[in-house]
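Trainee: Hi, I'm new to this one. Could you walk me through it?

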Amino acid sequence: MQEIAGRAEAIALLHWYEEMGVDIAIDETPVDRLVAPAAKPAPEARRDAEAERPPLQRPAPSRPAAVAPAPTVPASDATARAARETAKAANTLDELRLALDGFTGCNLKLTATRLVFGDGNPDSRVMLVGEAPGRDEDIQGLPFVGRSGQLLDRMLAAIGLDRTSVYIANVVPWRPPGNRTPTPQETAACRPFIERQIQLVDPDFLLCLGGAAAKEMMATSEGILRLRGNWRDFDTGTRTIKVLATLHPAYFLRQPLQKRLAWRDLLTLKTALDQPSQDFG
């Protein structure tokens, strides 16, 4: 019975991975799949090597070959400066989108289908920021349109908001292969662009969706359960606005009972919208 239960759980987990857009098997380190793999030694060469082994000596256990990491954007001052200058030169969201389309400082652009820039009302008082696009977002070119995005729409509707009254973007605008976590180099290369995007939208309130986005925007290493539900200050470069963190909608697809935490956070946001003069510190 335990074996059957374990198999059922494994199948359920695979279905969940598929729904979340995990359609590529990856390793712990990034792999450049655009580079041809190294040639394997010919059978004759392997036989010759085996023949040269000392007699009666048991060969050492073989270890898996290390996977060569893909070339990554170096965390250099030049890369960061180029990203900052490119983002700063954009005076509108359309200009910023074009600048991102032409930016070559993030390797995720090479494997993504398209740029996922933003969606919603750029004149809104509320801006939502996630970490990175998934499979559905990569296909449609819009943030939060998959299952977690549909749940997010229902969550916003519960407090009277929709995509005509909020603006949505991601820290990283290109989908990482297999929905893996963006590397620090990839996030650093994209950081100036999301900062400029926030500056151009100029919302009164910033809502971070998930721990990764919250840590990046709030510049902290604290976990999402400690960060969520509490207003903090966010300097846009032109003024200080309020930022709030909540759990990512994808989390509730696996843990629906935790929706109560998000509901509290959304009520906190609604209170702020209804009473803009309130002190949220």
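**Salt bridges, sheet and core**

Mentor: Keep in mind that this is a predicted model. Let's begin with Arg-163, which counts as buried because its relative accessibility is 16%, under the 20% cut-off.

Trainee: Which residue does Arg-163 meet in a salt bridge?

Mentor: Its partner is Asp-153, with 2.9 Å from N to O. The two come from distant parts of the chain, ten residues apart: Asp-153 sits in helix H7 (147–157), and Arg-163 in the loop between helix H7 and strand S3 (167–170).

Trainee: And is Asp-153 buried or exposed, or in between?

Mentor: In between: Asp-153 has a relative accessible area of 30%, so it is partly exposed.

Trainee: How many salt bridges are there in the whole structure?

Mentor: A search turns up 13. Another one pairs Asp-204 with Arg-239, again at 2.9 Å from N to O. Asp-204 is in the loop between helix H8 (184–201) and strand S4 (205–209), while Arg-239 is in the loop between strand S5 (232–235) and strand S6 (240–246), so this bridge ties together parts 35 residues apart in sequence.

Trainee: How accessible are Asp-204 and Arg-239?

Mentor: Asp-204 has 25% relative accessibility and counts as partly exposed. Arg-239 is partly exposed too, at 30%.

Trainee: What about Asp-233, what does it pair with?

Mentor: Asp-233 forms a salt bridge with Lys-242, and their closest N and O atoms are 2.5 Å apart. Asp-233 is exposed, with a relative accessible area of 53%, whereas Lys-242 counts as buried at 18%.

Trainee: Which residues are joined into one network?

Mentor: Arg-125, Asp-202, Asp-204 and Arg-239, through salt bridges that share partners.

Trainee: Changing topic: in what order do the strands of the sheet come?

Mentor: The order is S1-S3-S2-S4-S6-S5, six strands in an open sheet with mixed pairing. Strand S1 (119–120) and S5 are at the edges, each pairing on one side only.

Trainee: How many bridges join S4 to S6?

Mentor: Five, and those two strands run parallel. If you look for Leu-209, you will find it opposite Thr-246 in S6.

Trainee: Now the core. Which residues touch the most other members?

Mentor: The largest nonpolar core has 61 residues, and the ones touching the most other members are Met-127, Leu-128, Trp-174, Leu-206, Met-217 and Leu-269. As background, nonpolar side chains in soluble globular proteins tend to be buried together.

Trainee: Take Leu-128, then. What is it in contact with?

Mentor: Leaving aside neighbours within four places in sequence, the contacts of Leu-128 include Leu-152, Leu-156, Val-166, Tyr-167 and Ile-168. Leu-209, the residue opposite Thr-246, is also one of the contacts of Leu-128.

Trainee: Last topic: backbone angles. What is phi of Phe-144 near?

Mentor: It is near 55°, a positive value in a residue other than glycine. Most residues other than glycine have a negative phi. Phe-144 lies in the loop between helix H6 (135–140) and H7, and counts as buried at 4% relative accessibility.

Trainee: Where does Ala-219 lie?

Mentor: Ala-219 is in the loop between helix H9 (211–218) and helix H10 (224–227). Its phi is near 55° as well, another positive value in a residue other than glycine. Ala-219 is exposed, with a relative accessible area of 69%, whereas Phe-144 is buried.

Notes: Residues are numbered from 1 along each chain as its sequence is written. This is a predicted model: local features need pLDDT of at least 70, side-chain atom pairs count only at pLDDT 80 or more; totals for chains, interfaces and linings use all residues. Side-chain values use heavy atoms; hydrogens and water are left out. A salt bridge is a side-chain nitrogen of Lys or Arg within 4 Å of a carboxyl oxygen of Asp or Glu. Helices (H or I, at least four residues) and strands (E, at least two) are DSSP runs, numbered from the N terminus. Buried means under 20% relative accessible area, exposed over 50%, partly exposed in between (1.4 Å probe, protein chains only). A nonpolar core is a set of buried Ala, Val, Leu, Ile, Met, Phe, Trp, Tyr and Cys residues joined through side-chain atoms within 4.5 Å. Contact means heavy atoms within 4.5 Å. Two strands pair if DSSP finds at least two bridges between them.
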